[in-house]
Amino acid sequence: MSHGHTDVLVVGAGIVGAACAHELARAGLSVHVVDARLGGATQAGMGHLVVMDDNTAELALSSASLEIWREWGPRMNATETGCAYTGCGTMWIAANEEEMAEAERKQARLRACGVAATLLNARQLADAEPALRTGLAGALQVPGDGLVYAPSAARWLLAQAPPTLSFEAVEVRQIDTHGAVLTDGSRRDASAVVLAAGMPATRLCADLPLHPKKGHLAITDRYPFAIRHQLVELGYMASTQQREGAAVAFNVQPRPTGQLLIGSSRQVGEEDPAVEPAVLSRMLKLAIDYLPALSGHNILRTWTGVRAATPDGLPLVGRHPTRESLWLAVGHEGLGVTTAPATAKLLTALMTGAPLPLDAAPLAATRHFDKATT
Ligand SMILES: Cc1cc2nc3c(=O)[nH]c(=O)nc-3n(C[C@H](O)[C@H](O)[C@H](O)COP(=O)(O)OP(=O)(O)OC[C@H]3O[C@@H](n4cnc5c(N)ncnc54)[C@H](O)[C@@H]3O)c2cc1C
């Protein structure tokens with residue numbers, strides 16, 4: 001097989017690389033995608049599609065992405081049932097009055113960005129999710145959120161692109177101005193390279209400001225007992241920002257199979273893939289506290305994954321500050337499945353000179369590099 005020169009070489013076919021390659025090919029460019037099959041975050045994650053509002057840039061990126069997921073999801077299900085997209089929505093649980101006040105503030109922030117969100121009182125929450133423990137204060141329901149099985153979605157994005165997209169399962173050793181050198185010494189030449197290699201991207205571009213955040217997940221057997229929404233405690237947002245030790249939060253997803261996917265934990269700076277019983281047990285105890293019936297359920301499998309995080313929690317999307325032909329789509333931390341679609345649209349617009357779908361400045365790689373050099 002010959003590997004001629006392409007417009008773009010995309011390094012990494014996780015959800016972010018696959019989405020970027022899909023959009024670049026749709027914009028009329030020839031795109032070659034390479035992936036070393038290292039098993040990145042896309043293989044390990046939860047696939048909750050959720051509008052997050054820690055800051056305005058995250059809110060803009062995630063809400064724009066959800067709009068695209070609502071369009072992609074049904075098309076994915078029609079041709080690849082493994083994608084298992086559902087628009088189940090998120091139920092942000094308020095355990096007490098203080099968290100209920102936070103639910104109200106969150107509703108206002110989401111509504112200001114055009115995202116529908118409904119406050120439920122204790123009674124309405126119990127009716128909507130009877131498996132939750134009693135005594136909770138209420139919830140904020142975000143009906144436009146959803147979930148997807150991200151590894152299948154990434155495959156769909158590559159398969160459903162125009163024929164100007166090609167794929168190869170190979171590993172890149174080095175990126176240079178004319179493309180990349182593979183580990184077997186051969187070259188793949190391109191006018192531009194998009195680096196979407198997740199956490200290992202730092203091996204190909206040493207100055208990237210990325211650090212790992214390890215997470216644990218557990219999945220149960222199938223049970224008739226059901227929850228209807230992705231259930232997340234409102235304290236989750238604080239847990240995503242904890243900088244030391246293991247932060248755990250209640251976060252449970254109803255899989256279309258009848259299984260429950262249980263998260264979540266965050267350990268800054270950790271990338272050892274071993275499951276840590278102490279962290280797992282804290283996470284499961286919290287889940288049982290909110291969903292008492294879980295205590296009788298079998299856990300089929302537990303595993304970990306690593307999120308690639310930046311210092312300010314926002315991804316790096318755009319041109320590398322000093323390497324003209326290198327473009328970055330990395331650092332999506334715990335939200336990369338959600339934010340892959342708008343990342344791909346933004347990167348494609350930046351690379352082709354098309355009108356930008358959202359403000360690129362907060363995501364520009366220069367924000368960290370400027371700080372490093374001043
Ligand atoms: C426990 C956990 C739970 C999560 N839950 C959610 C969630 O509910 N919702 C959400 O939106 N996000 C979630 N995330 C985050 C999400 O999974 C990631 O942000 C997203 O998958 C990142 O995708 P990516 O394509 O950037 O990287 P990856 O999926 O890591 O893909 C990188 C790819 O690059 C390839 N690669 C690396 N180096 C090379 C090389 N040298 N040559 C060729 N190929 C290479 C790898 O093989 C890999 O396939 C979670 C993450 C974890 C760990």
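User: What should I know about the model and its numbering before reading on?
Analyst: Residues are numbered from 1 along each chain as its sequence is written. This is a predicted model, in which local features need pLDDT of at least 70 and side-chain atom pairs count only at pLDDT 80 or more, while totals for chains, interfaces and linings use all residues.

User: How far apart do the C-alpha centres of domain 1 and domain 2 lie?
Analyst: The chain is divided into domain 1 (6–45 + 150–209 + 312–373) and domain 2 (89–144 + 211–309), with bounds that come from an automatic or database domain assignment. Eleven residues of domain 1 are in contact with ten residues of domain 2, where contact needs C-beta atoms, placed from the backbone, within 7 Å. The C-alpha centres of the two domains are separated by 29 Å.

User: Which strands are the edge strands of the open sheet of eight strands?
Analyst: The strand order is S5-S6-S4-S13-S14-S15-S12-S16, with mixed pairing; strands (E, at least two residues) and helices (H or I, at least four) are DSSP runs numbered from the N terminus, and two strands pair if DSSP finds at least two bridges between them. Each edge strand pairs on one side only, and these strands are S5 (118–121) and S16.

User: How many bridges join strand S4 to strand S6?
Analyst: Strand S4 (residues 90–94) and strand S6 (residues 138–142) run antiparallel, and Trp 92 stands opposite Leu 140 in S6. The number of bridges that join S4 to S6 is five.

User: How many residues of the shell around the ligand are nonpolar?
Analyst: The ligand is surrounded by 39 residues, counted when the C-beta atom, placed from the backbone, lies within 6 Å of it. Among the elements that give two or more residues to this shell are helix H1 (15–26) and helix H10 (336–352). By class (Ala, Val, Leu, Ile, Met, Phe, Trp, Tyr, Cys and Pro are nonpolar, Asp, Glu, Lys and Arg charged, and the others, Gly among them, polar), the shell has 15 polar and five charged residues, and the nonpolar residues number 19.

User: Is Thr 134 buried or exposed?
Analyst: Thr 134 is found in the loop between helix H5 (122–128) and S6. A residue is buried if 20 or more other C-beta atoms, placed from the backbone, lie within 10 Å of its own, partly exposed in between, and exposed if 12 or fewer do. Because Thr 134 has 8 C-beta neighbours inside 10 Å, this residue counts as exposed.

Notes. Contact = placed C-beta atoms within 7 Å.
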